[in-house]
Amino acid sequence: MKKLLTAFVGSMALAAAPVAMSAEANKELKMAYDADPVTLDIHEQLSGGILQLSHMTFDPLVRWNKELGFDGRLAESWERIDENTMRFKLREGVKFHSGNELTTKDVQFTFNRLKQSQDFKAIFKPFSGINVIDDYTFELVTSEPYPLLLNTATYIFPLDSEFYSGKTEDGQAKDAIVKHGKSFASTNMSGTGPFTVASRQQGVRVEFERFDDYWDTESPGNVGKIVLTPIKENNTRVSALLSGGVDFVAPVPPTDLERIRNDKNSALVTMSGTRIILFHMNQERVEAFKNPKVRQAIAHAINQEGIAAKIMKGFATPAAQMSPEGYQGHNPSLAPRFDVAKAQELMKEAGYEDGFTITMMAPNNRYVNDAKIAQAVAAMLARINITVDLKTLPKAQYWPEYDNRAADMMMIGWHADTEDSANFFEFLTFCPDADSGSGQYNAGNYCNPELDALVEKANVETDLDKRAAMLQEVEQRLYDEAAFIPLHWQDLAWASKKNVQIEPILNVMNFPYLGDLVVE
Amino acid sequence: MLAFLVQRISQAILVMFVISVIAFAIQDGLGDPLQQMVGMSVSEEEREAIRDEMGLNDPLVVQYLRFAGNAVQGDLGISYFYGKPTLDVILEHLPATLELAIGASLIILFFSVPIGVYAAIRPQALLSKFFMGVSTVGISIPVFLTAIVLIQLFSIGVTVDLFPADTGWGQNLNSALSTEGGLPSYGRGDELTHLFGTWHSGFFSQGGLLHLILPAISLASIMLPLFIRLIRAEMMEVLQSDYVRYARAKGLQPGRINFLHALKNTMLPVITVGGVQIGTMVAYTILTETVFQWPGVGLMFLEAITRSDIPLIVAYLMVVGLIFVITNTIVDLIYGLVNPTVKLTGKKA
């Protein structure tokens, strides 16, 4: 009897082995983000949520890895042909969800659509065109040498050109990008990604199913189904994880980090992020801010480390520049310079010993602890006799005020879409110019054409070492002149149940590569 | 009756008109919808083009007339976020809110009547005093706190190890104070039954009912104490009245006196207050739905505000206005049924 049983078990194990191999992706993952994707059209809006969706249902030509290098995805290889041209070789045998096969025709279609998209066209401005060589070879051409070509290629998620061509029943072009109202692309999709959208109830839940013909058969990912529920309320999101209702949540608010760390069933992953939080000092509104000494005094009066430790509970990296570590422009010699005595002295030298009164505005639901940070900064400025009249607003009301430059000091957080330092300068410190759109968010009106020229020069420098030196010099000069007050880079945090191996698939861009997720 | 209904319908139209004007007038203060629809790095030029296309640059009066023209044809505009007609969006979310409200109302009904009547009949009993004490505490705890405490106790679970675990009594106390958790803490779950149209119900599956428990208790917690106290006070008054005394003297069964004759008259003011409280209920569903990520109109409205989804905000306010008028009408009708001496139109008999 015992023998028989052993034989039976043995044969069962043998029989089970191949089954286990083929039914690999059979785990279900329930996850909760603070929001669900606003649309299924990945060219309709450039936002973190849409990019997260793109990485689930599409694949880019190349994607960022943890070390901020590039991994080829749909592009198998690439080489620079000349200063303005990069030639890509496309992976063969890749299938779209519709069953169509991926060729350069789809890449060309996607590239042209990106150039039309109101949100993406700015990123693709340096590109003059795309040359299709054959079904699997194409070249991206820029009008000038462009060092960030590969950075931009991470935004090219090829769309199924056949699927998105033609007209819908009511005569609308299927490839139309519609901001307000429904379009074919906002409710239908066909990509090459690991997941397809099985059902979607906006604002309530989205169900993803693994794509059977996914090209990346080497991916370790074993998740067959994902249910994404948006849970806006921080507390509820964390409770959902702790009570076992979901397996994976993001973002995790700083106040709950300890709670999750102490929970024996949950795992927490944190990373220093790349979003800089800073204050602009409006030189057009306040005469004193034109004086570099006053700006430096403020830079000396703010205790970045204190804010990061006390208000952010260690959930932030104190900053003295905009470029985070890993970016080309990151200048390692710059450190926060908190010194109240020095600050008071600088105010005296500038002739503002008695101080002055300013207005300050900050959002109260956009960045982590934004309103508290603003209060702390206001209190710190009081020590050098600057009286602050602070107003905090919900983000929906804050941004119109920001566009009007409605206060003397205004808070903004910025993440570089290109994962590159130049993007910070272009939007936040370039001389504001309504016609060219540069300095669009420079609420300080700081203007130094010399530095702008240096950044422009760096933007056509393909020797990356030389380029890094230029960008670092810009950071140094902005620091010396105290063009703005950097506070910190906001950290990122995700949490999951212990059996969900999220660590390998996370990165500072906050695009979890869920296709590769392993659930034990 | 007919005159009454006509009067009410014209009132409803007036209410909705006023709401739409107010909602339109304050939209500038609600923020810039474009901010939510485009990425940060989109240029001002592009934004202007989109604003023009959406008609946001037209004078407010022109925008209102366009809205009103469509509204009389039953078209309340298209939500910026959902990209479809606002009425459809509201109808999709309404069943969840209605089920939450029904769940909470049932809890209120099942607990407030017996407890209220008992506390009125036996005002000196210990149990009555206990109920009154608890209801005072209950009425003063904000609903979101109740919700968070409930989630901690019954979803996540609490382990108490205050008492020595090696003694029998310590263990018992520990386990008596600890909770298992396990109840769903968010959403409605995935076991919904499709009834008709946009109505997917959670009433017909175990999963759906389990998801309803905590939100319904939270929502009920804010109004249950009020109703207990109201019923108790009214009942005590009625018990002093002549006709109850007469019934007693006549030797009727106490149960019959209390629950048939006295309770009937007690319910009159309770119905009135109940009608008024529906407004409060709407306000509290917003809080409850937010805490429990309950996909109803309250949560939808709150998110519409943070997104400056103005068409949806306007449509929601108008629908809520309509609901108010309808419920008040129904309350008045019921009032007439319970007490035939009440005249609906308020004219002389």
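I began with helix 9 of chain A, residues 304-311, and noted that its buried residues are A:Q304, A:G306, A:I307, A:A308 and A:I311, where buried means under 20% relative accessible area, exposed over 50% and partly exposed in between, with a 1.4 Å probe and protein chains only. The helices (H or I, at least four residues) and strands (E, at least two) that I name are DSSP runs numbered from the N terminus. The model is predicted, so I kept in mind that local features need pLDDT of at least 70 and side-chain atom pairs pLDDT 80 or more, while totals for chains, interfaces and linings use all residues. Residues are numbered from 1 along each chain as its sequence is written, chains are lettered from A and ligands numbered from 1 in the order written, and side-chain values use heavy atoms, without hydrogens and water.

I looked up what covers those buried residues of helix 9 and found that the cover includes strand 13 (316-318), helix 11 (370-382) and strand 17 (484-497) of chain A, contact meaning heavy atoms within 4.5 Å. At the start of helix 9 of chain A, a side-chain oxygen of A:N303 reaches to within 3.3 Å of the backbone nitrogen of A:E305. Just after this helix, A:K313 takes a positive phi of about 50°.

A cis peptide bond joins A:A250 and A:P251, with omega about -10°, and A:P251 sits in the loop between strand 11 (248-249) and helix 7 (257-262) of chain A. A:N510, which is not a glycine, has a positive phi of about 65°, and I found A:N510 partly exposed, with a relative accessible area of 24%. B:S308 is likewise not a glycine and has a positive phi of about 50°, but B:S308 is buried, with a relative accessible area of 0%.

For chain B as a whole, I recorded 13 helices and two strands, and 44% of its 349 residues count as buried.

I looked up how helix 12 of chain B (residues 297-306) packs, and its axis and that of helix 5 (residues 86-121) of chain B come within 7 Å and cross at roughly 130°. Axes are lines fitted to C-alpha atoms, for helices over the stretch in contact, and angles run from 0 to 180 degrees between N-to-C directions. Helix 5 and helix 12 of chain B are therefore oblique to each other, since angles under 35 degrees count as roughly parallel, over 145 as roughly antiparallel, 65 to 115 as roughly perpendicular and the rest as oblique. Helix 11 (residues 254-292) of chain B packs against helix 12 of chain B at about 85°, with the axes 7 Å apart, and these two are therefore roughly perpendicular.

I ended with B:R47, in helix 3 (residues 44-54) of chain B. The backbone oxygen of B:V42 lies 3.0 Å from a polar atom of the side chain of B:R47. Leaving out residues up to four places away in sequence, I found that B:R47 touches residues including A:Q440 and A:Y441.

Note on methods. A polar contact is a pair of N or O atoms within 3.5 Å; within protein, one must be able to donate a hydrogen and the other to accept it, and residues adjacent in sequence count only if both atoms are side-chain atoms.
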